Amino acid sequence: KNETLPATAPLKQPAKEPDAELSNRAVGILIAAQNPLILAGHSGRHHESVALLIDLAESLGARVLNGPVRLNFPTSHPLCAGIDPIGGGSRTDGRYIGEADTVLVVDYDLPYAAGGFCPGPGAKVICIDIDPVKKTSPLWGRTPDVYLEADSTSTLQKLNSLIHGKLSSAQRQQVRERSERIGREHQKIRNERRALAQGRSARKPISPDWLCHCLSQVIDQDTIIVNQTITHSSFVGEQIFRSLPGTLLACAGGSIGWPLGAGLGAKLAAPGKTIVSLMGDGAFVWGCPTATLWASA
């Protein structure tokens, strides 16, 4: 039997620039927030977006929770709330998602094991993503209050411009006070984590957090960390601070042993930089170490 196949709508090229009305709506929500959080997934693949995200966070007095795959926001910044707990941060960092009254999600893919961290029922959610498929698979199973389907770099530029023009002097003062409070809180947490690592310095075999602390003391700011430590990944996020775009890489998919080949590739792309690949012993064996180390040598 001959049947005519139904016509399918052609795929539309995603917009590079965000919708003006939706951008203004998002800015209104962000400015009104008392406890905003920015959750950045892989926006740092565009290196220029890191500075834009710093500007946005400082303009709002918002914590930023980094995704594990890219350096989206300096982990040394006072407003950095750590790394997504599934892929590199402390399990306690996830509480910021539940405590926020507004969550701005930028180029973020929900991990396959989300760990129970999700915004509260009354929280506003704003999503920025160029992938139209995200509309049909909303994060945490809830429709965002504002969905900006556009390039994240252009969108961050637009939001920054609007926010700078709309903040009142009273709101700017509130942002300064909130930023100072968050900075003091995060410095206290960092000091406690550093002290905990130092207290484990004599352990044998070596404690992972002490190892990461020691590593942080000998690398420079240009060193690229290629990380797939899985169960010990929280210590990488807590002890090794990265500030420059492109200095933190992790696997975006499932591939045991990825850091060996990825580290070699990073060295070929940036021959003047030191590359440190971090992984467990099993991942090392799975990563074809003989081939990688031979090529490296």
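Modeller: A helix here is a DSSP run of H or I with at least four residues, numbered from the N terminus. The model is predicted.

Biologist: In which helix is the place of Leu293?

Modeller: Helix 10 spans residues 289–296.

Biologist: What does Leu293 count as, by relative accessibility?

Modeller: Buried means under 20% relative accessible area, and exposed means over 50%. Leu293 has 47%, so it counts as partly exposed.

Biologist: Which residues form the nonpolar patch on the surface with Leu293?

Modeller: The patch has about 560 Å² of accessible area together. Besides Leu293, its members are Ile256, Phe284, Val285 and Trp286.

Biologist: What is the strand order of the open sheet?

Modeller: The sheet has six strands, with parallel pairing. Two strands pair on one side only: strand 3 (80–83) and strand 6 (146–148), the edge strands. The twist averages 15° from one strand to the next. The order is 3-2-1-4-5-6.

Biologist: How many bridges join strand 1 to strand 4?

Modeller: The two strands run parallel. One of the partners is known by name: Leu39 bridges to Val105 in strand 4. The number of bridges is five.

Biologist: Which residue in strand 2 is the bridge partner of Leu37?

Modeller: Strand 1 (residues 36–40) pairs with strand 2 (residues 63–66) in the parallel sense, over four bridges. In strand 2, the partner of Leu37 is Arg63.

Biologist: Which residue in strand 5 is the bridge partner of Thr102?

Modeller: Strand 4 and strand 5 run parallel and are joined by five bridges. In strand 5, the partner of Thr102 is Lys124.

Biologist: Which residues of strand 4 point the other way from Thr102, Leu104 and Val106?

Modeller: In a regular strand the side chains alternate between the two faces of the sheet. Strand 4 is mostly covered, with five of its five residues buried. Pointing the other way are Val103 and Val105.

Biologist: At about what angle does helix 4 run to strand 5?

Modeller: Helix 4 (residues 152–166) lies across strand 4, strand 5 and strand 6. Helix 1 (residues 20–32) also lies across strand 4, strand 5 and strand 6, running at about 130° to strand 6. For helix 4 against strand 5, the angle is about 130°.

Methods: Residues numbered from 1 in each chain as written. Predicted model: local features only at pLDDT ≥ 70, side-chain atom pairs only at ≥ 80, totals over all residues. Heavy atoms only, no water. Patch = residues over 30% accessible without salt bridge, like charges linked within 9 Å, V, L, I, M, F, W, Y side chains within 5 Å. Areas by Shrake-Rupley, 256 points an atom, 1.4 Å probe, with all protein chains shown as cover. Salt bridge = Lys/Arg side-chain N within 4 Å of Asp/Glu carboxyl O. Buried < 20%, exposed > 50% of the residue type's maximum accessible area, 1.4 Å probe, protein only. Pairing = 2+ DSSP bridges. Axes fitted to C-alpha atoms, helices over the stretch in contact; angles between N-to-C directions. Contact = heavy atoms within 4.5 Å.
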